[in-house]
Amino acid sequence: MKNIISRTIPEFTNIWNSKLFMTMRLTVLALLIGIIQSYAVETYAQMTRLNLEAKNSTVKDVLNKIEEQSEFFFLYNSKLVEVNREVNLEVKNKKITEILDILFEGTNTTYKVVDRQIVLTSSEMGNGFEAQQQKSLTGKVTSSAGDPLPGVTVVVKGTTTGTITNADGNFVVSNVPPEATLVFSFVGMKTQEITIAGNTTIDVTLIEDAFGIDEVVAIGYGTVKKSDLTGSVSSLRKEDMNTGVNSTMTGLLQGKAAGVQITQASMEPGGGTTVQIRGAGSVNAGSDPLYVVDGLPIENSQVISGNGTTIPGVSVPRSPLSSINPSDIESIEILKDASATAIYGARGANGVILVTTKKGSSGAMKVTYSGYTGIQTPINMIEVLNPEDYKRILNEILDTPGSNVSQTERVLDIQNGGTDWQKELLESAVVQSHSLSFTGGNNGTKYFASLNYFDQNGVLKTSGYERYDSRLNLEHRTNKMLFGVNFSTSYTHDNVVPVGFSTNEEGSSLYAGRGFDPTLSVFDENGAYQTTSMLNLDNPLALLYGKTSETDNYRTLGTLFGEYTILKGWTAKLNVGFDSRNSRRDTYVSRLTKDGRANSGVGTVLTGTRNNYLGELTTTYNRDLGEKSSLTVMGGITYQKFININFAGTGKGFPVDESKTNNMGLGDAALYSMSSSKNNNKLLSYIGRANYNLLDKFLFTATLRVDGSSRFGTNNKYGYFPSGAFAWKMSDYDFIKNLNVFNSLKFRASIGRTGNQDIGNFLSITTFGSGDVVLLGGQQYVTFVPTRIANPDLKWETTEQINVGFDMGFVKNRISASIDYFEKNTFDMLFDLPIPSSTGFTSIMSNIGNIKNSGFEFTIDSRNLTGKLKWNTSLNFSTLKNSVTDIGDISEIIHTGAGQSTSQIAIIRVGETINSFYGYKTDGIWQTTEEITASGTKDPVKPGDVKFVDQNGDHVVNTSDRVILGKSIPTLTMGLTNTFEFKNFQLNFFIDAASGVNMLNNSKVETYYPVSHRRNRMAEPYLNCWTLENPSTEYPSFVNPAGQGNKAVSDLTVEDASYIRLKSAQLSYMVPLRNKKIFDHVNVYVSGQNLYTLTNYTGQDPSTNSNGNSSLKIDFNSYPVSRTFTLGVELGF
Amino acid sequence: MKLKYFLSSVLLGTLLLFSGCNNMLDEDVYSQLDPSTLFNSSNGIERVLFSGYRDAQITGNFGGNIWFQEEWTCDQFWETGGAVNLQAAVMLAFTWDASYPTHWTTLWENCYNSVRNCNLVLENVDASPVEDALKERLKAEARFVRASAYYILYTMWGPVPLRISTTGDLEMARATDAEMQTFLEKEFTDAAAVLPNWGEISSYQYGRATKGAALGYLTKFYLNTKQWQKCADAAKKLMDTGIYQLWPDYTTLFSVDAETKQKELVWVYPCSPLGPGNEFINGAYPPSYASTVDGRWPFLPNQRNWARMDRLKDWFFNSFAPGDKRKDLIVSEYINMAGKKISLLNQDNTRSFKYTPDPAAVSNDHGNDIAVIRYADILLSRAEALNELNGPSQEALDLIQMVRHRAGLTTPLVLANFTKESLRQRILDERGWEFYGEKLRRQDLLRNGTFVSNAKARRVTIADDHHKLFPIPQTEITANTLCEQNPGY
């Protein structure tokens, strides 16, 4: 019962401070407006009917029962209302007023029902609103936001005299001695005492008991009051999340929570994000957090991994999370420390993101429509040489003595002014979203249903993403039972224009667009897309229209739960869930492209199914130990099985392109190829948690999860993940009070272990898979190879984390702040340990090595102005230090792969950040032959070449002269939200920033080392390149650029990717309504995203990471960034 | 719901969910294969062996990039353009090291993958229910393929860790040079005794190990280790099988057409447009190539012209005798897409079209089998061995003349004109004209002791003796503490 009050009241009181009119709380708001204006609408009280049976019970018991069964809650002064009186009551299907009439029949207790709030008063003290006696005192009680507070108890201290404020917050108290003190109390507010001192009017502003602290937050297998949290949990309500267009739920969180690093890895519609909580703890196992949606841990691997034959590879696949509609989300909790995550055991090491979708609310059905439409404009494109500069500069290089370029590669003429290929590929694109939700309920049943349509066209022509989804959350409560379903199903359609790391003819349209000859016109004289034999690139537009990839994704996920109260305080809960994903991708390469012509069309169909189901039984026992102490114990068992099935078929040699993949039988039967696979994995786990609250001052939490995973070796099937936490509410102590600084102060400390099992299947057993096809006697033969050296001892990797923190409130709780320090040590790391490749294997998955992450996290929420103009600020920033502390007997590992010409980008070395950039330092440009001779270098350099630093002084710059150039994990990240409210207007803007971070700009690599002379490249270095007349110290001559061999990774290409950015701004307006005949509320807004960025980074966007691996930032062929403006409306009916 | 029903249904549900917990966490293997059943059939064993074959074949892009070190470190070829230029620049300048070029690491790994698979076959074939004769042949094949992989490793890095089983410690020291040589000699010799001759068994596919191939490797091994008598003998033995002969037309020898008809290619890496493919021509096409001047080899829409430019030096192009048909496979002028005639001369820019374009190519992949050991090489190897043993002889000159004759050079060399030294040089030159672009040049220069001096003559001043062997890949050195790096790296 306490929960119901504490859950409801803060919403009620906070509503005036929160980002108004945008949220779920509209229902509450509408209610309040209804009260104030005395609207006669059918209320909850009139609709709700209750059954009660109470024998020899006290009035208090009956009130408690009503609170348990319904959403009513009672406010009363126990001194005025006789609640210990014994009653016998049996009612069926009665309204609350009927019940209260029976209950208080013959007593002097009167009641006033204000929606769900029922205020009990005594008729003997007189009705404060009517009794106008001489020595009366009047006043008004308001919230800190200036809004009237109805139902506040006003009592003359030391007496039973008192009253309750009316709907306008007004009160009248009679017979008050001039020196008396008034006590104002209201659940959820700080009790305030005011000495009258002869005044006849007193206006009082009540302060919330603890700003935001009494929210209930999800912690996994249960909830806890925010003030009772012992672990480090970031809790975001809907209104705290990002505004504007966010196709995935991770987009809602970007920059909003300290210690949570979210990177929009690809800017494409529905594009993937990478999420890293408190750093990267693993070299080879996954670093994604676990997502739990309404109690169901979901799995987010790609359903289909293949791209389709001769379709450019995609480095950052679309996020499977995008199939979950962000507007259905009520709140997101991010569990960060071990105390919070240990309950998820072997999947908790990277943090856990708990998603709670909207629940139904009781009462008449409320219908809400919200929709927006927006326009996205590409910005910050990489500037390449224009036709004139291209011709002039390339020919100058060709003519420079020492150039290897042959005369045949001279640029001759510019056709019709040439073409800006990037521009041809891009357009402004429209995005729209329409959501309709229904919520309501009665007699213990509540529902929330929603329908959503989202359609985002990409700024890269033909790319786009569409989502249709629906949700039904249903809950029914009876005396002993609570059961419900959370069910959602979605269909998404993806038009992917692949932009990955593929190069040359295999490259994407965007890749070709940046490198293609700008002196050409789009079409040749026959009207066909022009190609040039000077470049091994296909026409960018031919690629755009000729290589198509469309994916249909279906995802249905749901949980069905039943919770039964066995005895008072003892419940058992059965939770069954499933997550089913089906995808089909159709790719086709038509004769518009070189590949299509070479193969007479290539069609690929890839299908996949990824299903998992969950069965889980938990039981919770909660006992009130008196004196504000309590104990809650939870235990349970859970089983989850994951099943994956894939099939792919490719056809070539189609007589015509028209039927694409819709009639694969038309292809040349001799050229068909197909593949399929099936695998599964399983988790069987036992969980337990105890929360002990001593005197509401000391809080203890202990958890244990035992996880068994099929992925682990036979010798190590089960892992044990314990954690313990302690919190101390210090603000009630005099020594803290006397400081006069804190309104609230809580100290937290936790320690625990979590695991990571994200390593793929079969690593502990030996199997044979298929090797490369061999050609013998003109026939292709499939071959078999052993897939690995098995490691039967393989187990989870373990992360041990300590966390200490303070939660603080200042200045009457107008400022609340949290500070956390954590240290995360990962050991028994799941590490693909390099072994001598002369064994025929390059590595063995092992439990070797340590990585340490540590950092500070600060969060500050401040209500700077609370009057008519309200101004709230929320700031979070976090620091992170990542360090590899042990990698076994291996001294270092150099990360290979990425763009075609770029390999050996990063290094894993003890004492350094994981995947630190590793390459050459430069020291300007060689200016003269004398300078070269004097240096004694043996390298084949000439004036105008880049001067690479010879670290070891052996006069040769080779791989032993490489040094660490930077890191991908930012030292400092920051998010700052400001909200202003004036009358019906609200303005919100959000700034995010990162510093101490680098990124490999691979477009710059291709600028310094062009694949061929006629490839176009970034303009700026070439416009200012070194010549005899312009002895640049910044840019080389670019004559024979690869003369010094591969120095692609250097401080020229690894750039500082720090930035500060106005990420979004939104202005909204609540339309004042004369009456509510049609609309309950109308809210309109405009918002903008990606408004302004301050950075030294020379590529498109410092915050992107087209590599898709959050610990190694590489920018290559990144999808264009766009600036988005949207216009939106929300209508409540 | 009554409590007892609820509890019993929960209990039942729990039982259903968690029954049989003991094997609930076993891994189910569906699409991969269980080793315990794989080796129970000849098909299973054969397919493991096939992967051994495949990994010892240097084809595709891999072939184009890696194997070119055998030319780029020598005097005839060079390269500009393309992403590969970053690797080529290092090879051309002799500035490679243990970490770079990375392709060498891939080559190392592929060879040892082949070794591993062959070892698996050798370890499991005895216990399998396969008839004895087949067992013996499979073993001989596995030993041949394994030795061919070790031959590549030995050529690149000198003696390497000699793994002949899949068990034992992960770390392993390098064999001595003597151990390595003994091993290669014995493996090829033993294999030659068991393996069938080409065409002997009809179901035995082209591309699988034969007696001739084993003898061919033996000849090449003896030649490059300067075991002259054994070299001459092995070559003779191969010639005496009577199976092999020179294909009459040098200009069509490497075409897809000739593949099934010729009897000159003793050992090949088989290629097909469907993969594995031959990708040499893609880098040989000059910019904007439309066709040769005489219209031969038109560029087709199903083909690719890379940014990479594999170029020949002018001195080499000009060194051919007049009428030498082997020069006809070098393109010195062409018609570009604009219909203009473009000359490639005097810019070190002529192109080897040895692997003549496959009209049925699919994108990068052409179907020309890659020649590894040719009968012409056997003939010239015997000639060289004989000269080293006894000085100039008519037999040696006749062997050389067979090769020259096919190239249209009908005037025989005159014995009286040669000393041992001048004939050695003549054979080296002849090998240059005959085998350019076939990745034999580095071996030939090393054998003749001119690899380093030749580089210095090209103004690669930093070239010295340590460059005769490449550095063992850093990844191996890092993970295998017993494996010592080659001196100088």
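Contact here means heavy atoms within 4.5 Å. This is a predicted model, in which local features need pLDDT of at least 70 and side-chain atom pairs count only at pLDDT 80 or more, while totals for chains, interfaces and linings use all residues. Residues are numbered from 1 along each chain as its sequence is written, chains are lettered from A and ligands numbered from 1 in the order in which they are written, and side-chain values use heavy atoms, with hydrogens and water left out.

**Stop 1: a loop in chain B**

Select T410(B). This residue lies in the loop between helix 16 (394–406) and helix 17 (420–435) of chain B. Helices (H or I, at least four residues) and strands (E, at least two) are DSSP runs, numbered from the N terminus. Which residues does T410(B) touch, leaving aside its neighbours within four places in sequence? They are Q401(B) and H405(B).

**Stop 2: where the chains meet**

Show both chains. In chain B, 90 residues are in contact with 92 residues of chain A. The two chains bury about 7600 Å² between them, 64% of it on carbon and sulfur atoms. Buried area is the accessible area (1.4 Å probe) that two parts lose on being put together, summed over both. Pick L25(B), E27(B) and L86(B). Together they supply 11% of the area that chain B buries against chain A, more than any other three residues.

Next, select R304(B) and E505(A). Their side chains meet in a salt bridge (3.6 Å, N to O). The rule asks for a side-chain nitrogen of Lys or Arg within 4 Å of a carboxyl oxygen of Asp or Glu. It finds three salt bridges across this interface. By class, the side of chain B that touches chain A has 47 nonpolar, 28 polar and 15 charged residues. Ala, Val, Leu, Ile, Met, Phe, Trp, Tyr, Cys and Pro count as nonpolar, Asp, Glu, Lys and Arg as charged, and the others, Gly among them, as polar.

**Stop 3**

Chain A comes to 16 helices and 57 strands. Along its principal axes, the C-alpha trace of chain A spans about 110 × 60 × 60 Å.

Select strand 28 (residues 570–589) and strand 29 (residues 602–626) of chain A. They pair in the antiparallel sense over 20 bridges. Two strands pair if DSSP finds at least two bridges between them. N575(A) stands opposite E616(A) in strand 29.

Strand 29 pairs with strand 30 in the antiparallel sense over 24 bridges. N612(A) stands opposite F642(A) in strand 30. Strands 29 and 30 of chain A form a hairpin with two residues between them. In the turn, E627(A) has a positive phi of about 50°.

**Stop 4: strand 57 and its partners**

Select strand 57 (residues 1121–1132) of chain A. It pairs with strand 22 (residues 363–379) in the antiparallel sense over 12 bridges. P378(A) has S1122(A) as its bridge partner. Strand 55 (residues 1081–1095) of chain A also pairs with strand 57 in the antiparallel sense, over nine bridges. There, S1087(A) stands opposite T1126(A).

**Stop 5: a three-stranded sheet**

Finish on an open sheet in chain A with the order 53-52-56 and mixed pairing. Strand 53 (1054–1056) and strand 56 (1114–1115) stand at the edges, each with a single partner strand, so one side of each is left without a neighbour in the sheet. Strand 52 (residues 998–1001) pairs with strand 56 in the parallel sense over two bridges. To see one, select L1000(A) and its bridge partner I1114(A).
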